[in-house]
Amino acid sequence: QVQLVESGGGLVQPGGSLRLSCAASGSIFSINVMGWYRQAPGKQREWVASLTSGGSANYGDSAKGRFTISRGNAKNTVSLQIDSLKPEDTAVYYCAADPMTVVVGRPWEYWGQGTQVIVSS
């Protein structure tokens, strides 16, 4: 089993920046990809970005240009830097992880509890 804990959410003004972090514990050796999803009020959860154990980063269309996913100093951590925040970035951001490098046709295996990001003046 893998446990994921997110941190770094909060209230931010439009145009500001935020860095979300996720720490994995447990059977971390089994993880081959970590990433972020978000769910805005009244909307479906959407994939934001992912980072494989080999260092390959990929981004969803809504995340290209302002979001950067990176591995933390510890191998079991991943961060998401969000710049030029917009009100439409308001959502609960979830960290996720999976034993497969590419996950197709099913939900990711492991999920955090989520961290709230509110972009508002």
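Predicted model: local features only at pLDDT ≥ 70, side-chain atom pairs only at ≥ 80, totals over all residues.

Student: Let's begin with Asp89. Where is Asp89, and why does Asp89 count as buried or exposed?

Tutor: Asp89 is in the loop between β8 (77–82) and β9 (91–98). Buried means under 20% relative accessible area. Asp89 comes out at 0%, so the label is buried.

Student: What makes the link between the side chains of Asp89 and Arg38 a polar contact?

Tutor: The cut-off for a pair of N or O atoms is 3.5 Å. The side chains of Asp89 and Arg38 are joined at 3.0 Å, so the pair falls within the limit.

Student: Which residues is Asp89 in contact with, leaving aside its neighbours within four places in sequence?

Tutor: Arg38 turns up again, along with Arg66, Phe67, Ser84, Val117 and Val119.

Student: On to β9. How do you know that β9 is mostly covered?

Tutor: Count the buried residues: seven of the eight in β9 carry that label.

Student: What makes β9 and β4 a pair of strands?

Tutor: Pairing takes at least two bridges. β9 and β4 (residues 33–39) have seven, and the two strands run antiparallel, so they pair. Within this pairing, Arg38 stands opposite Tyr93 of β9.

Student: How many bridges join β9 to β11, and how many join β9 to β10?

Tutor: Three bridges join β9 to β11 (residues 115–119), in the antiparallel sense. Ala91 has Val117 as its bridge partner there. Two bridges join β9 to β10 (residues 110–111), also antiparallel, so that count just meets the requirement of at least two. In β10, Tyr110 is the partner of Ala97.

Student: Thr115 is in β11. Why does Thr115 count as buried?

Tutor: Thr115 has 11% relative accessibility, so it is buried, given that the limit is under 20%.

Student: What does the side chain of Thr115 reach?

Tutor: The backbone nitrogen of Gly9, at 3.2 Å. Beyond four places in sequence, Thr115 is in contact with several residues, including Glu6, Leu20, Ala91 and Tyr93.

Student: And Lys43: why is Lys43 called buried or exposed?

Tutor: Exposed means over 50%. Lys43 has a relative accessible area of 57%, so it is exposed. Lys43 lies in the loop between β4 and β5. From Lys43 to Ala91 is 48 residues in sequence but 9.4 Å in space, C-alpha to C-alpha.

Student: What makes β5 largely enclosed by the rest of the structure?

Tutor: Five of its seven residues are buried, so β5 gets that description. β5 pairs antiparallel with β4 over six bridges, and Val33 has Thr52 of β5 as its partner. Between these two strands, the hairpin has six residues, and Gly42 there takes a positive phi near 75 degrees.

Student: How many bridges join β5 to β6?

Tutor: Three, and these strands run antiparallel. Ala49 has Tyr59 as its bridge partner in β6. β5 and β6 form a hairpin too, with four residues between them, and Gly55 in the turn has a positive phi of about 95 degrees.

Methods: Residues numbered from 1 in each chain as written. Heavy atoms only, no water. Buried < 20%, exposed > 50% of the residue type's maximum accessible area, 1.4 Å probe, protein only. Polar contact = N/O pair within 3.5 Å; in protein donor to acceptor, adjacent residues only side chain to side chain. Contact = heavy atoms within 4.5 Å.
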